[in-house]
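Please look over the sequence and the structure shown here before reading the report.

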Amino acid sequence: MPFASLGLSPALARAASDLGFAAPTPIQAQAIPAILRGADVWASAQTGSGKTAAFALPALQQHQDVLLAQPRSGGARRVHTLVVVPTRELAAQVGEVLRSLGQHLAQPPKVAVVFGGVSINPQMMALRGGADMVVATPGRLLDLVEHNALKLASVQLLVLDEADRLLDLGFADELNRVLALLPARRQTLFFSATFPDSVQALAGSLLRDPVRVEVATLEAGADGGATILQRAIAVDSSRRTQLLLQLIKQEGWERVLVFVATKYTAEHVAEKLYRAKVFATPFHGDLGQGARQQVLDEFKADRWQVVVTTDLAARGIDIAQLPVVVNYDLPRSAVDYLHRIGRTGRAGESGLAVSFVMPASEAHWHLIEKRQGLSLPLEQIAGFEPTEVAPPPASGAGGVKGLRPSKKDKLRAAQAAAAAGNPGESPAND
Ligand code: AMP
């Protein structure tokens, strides 16, 4: 099915084809016609499903239609589309997709991308003369409104992207304040990978008679879904870097994203690999925004073979053709596991996700497997058979890490509850 048959203009279909999109992904095929009809959409979709273009294409088309009906007659541009995202990286990425998909339009929109953690002044300058589409993290968006750099009263289309992550990161309060600035009559598109109660409550409060769009999860291999081969390898804690090196060399992995638990481990493992002549670099929250972007750009440009990261890179970041993801340390939860392995096998390509399972983390691994509905053979690699002894399980439910909510989980739950109906309680910042 070609893009044009979804009701998109030839300029947009051409831009999609320029990006190498031969046909719509399942989420695009389902969501685009509904959005063009003006319906609210409740979409459960992972990053990697093609969700960005699923809202970007119809948003661009609607904006063109508005310009045709009411030609611009001087004056500042008024914000038509507002996309709220949880992270700077995702903001930059969505902005890029909007700009490239809009490039052949008769009147390409002005797209402004704003996020915290960097100076506000250049963003205020960029907003002079207004903008047609704004992609923003919630805190900075509010700052800009307070500085009178931006008005949201004209927004006709609101997109909440990765809504679960927005609540996870404690943006509930900011989100409520943003929502209060928007016109009640608008179209709302709600994208989330997961729908815990708090996210459902938020969707329920924002959407009117929504069209529900669900796409197959990562395991689905057919019809454009991603195909990810998952492997689990038993190894001693102290031998993981050696095993990683051996796998990179023997299996010829050319581009690998390695997940670790701490910033320190990210630095340490990257350094060891680098000393063994594998081009590896760390990526974590202590790096400045510029340095983070540089690492990502260089990784995409093949400058680095391996990026060793904390969970910072687990969501939202899109690196095309990332064939291998390694869990050097296991993720905390099954949901985090899904987000991490979702970095590979994107848009129908095949990917490989390898998890290192140490004797001490075996119980935790089985819990992740159970929650994912997986049952993988625990492989042993010759020369790396584990010898460490697992510590005896602690008594009670606390024996397996992840069963009991951590302090952070409790904080998030409280923030999510606030977002679901009790604004004003939740602390958050960019
Ligand atoms: P997203 O889920 O929006 O992060 O998109 C994941 C990846 O899929 C990105 O690299 C997109 O460029 C790519 N993509 C999106 N739509 C299509 C399509 N119709 N065909 C092929 N690739 C696509």
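## Basis of the values

This is a predicted model, in which local features need pLDDT of at least 70 and side-chain atom pairs count only at pLDDT 80 or more, while totals for chains, interfaces and linings use all residues. Residues are numbered from 1 along each chain as its sequence is written, and side-chain values use heavy atoms, with hydrogens and water left out.

## Around the ligand

Of the 15 residues around the ligand, the nearest are Ala23, Gln28, Gly48, Gly50 and Thr52, where a residue counts as near if one of its heavy atoms lies within 4 Å. By class, this shell has five nonpolar, seven polar and three charged residues, with Ala, Val, Leu, Ile, Met, Phe, Trp, Tyr, Cys and Pro counted as nonpolar, Asp, Glu, Lys and Arg as charged, and the others, Gly among them, as polar.

A nitrogen atom of the ligand is 2.8 Å from a polar backbone atom of Ala23, and a ligand nitrogen atom is also 2.8 Å from an N or O atom in the Gln28 side chain. For Thr52, a polar side-chain atom lies 2.5 Å from an oxygen atom of the ligand.

The shell around the ligand draws at least three residues from each of domain 1 (3-217 + 410-429) and domain 2 (221-379), with bounds that come from an automatic or database domain assignment.

Note on methods
Polar contact = N/O pair within 3.5 Å; in protein donor to acceptor, adjacent residues only side chain to side chain.
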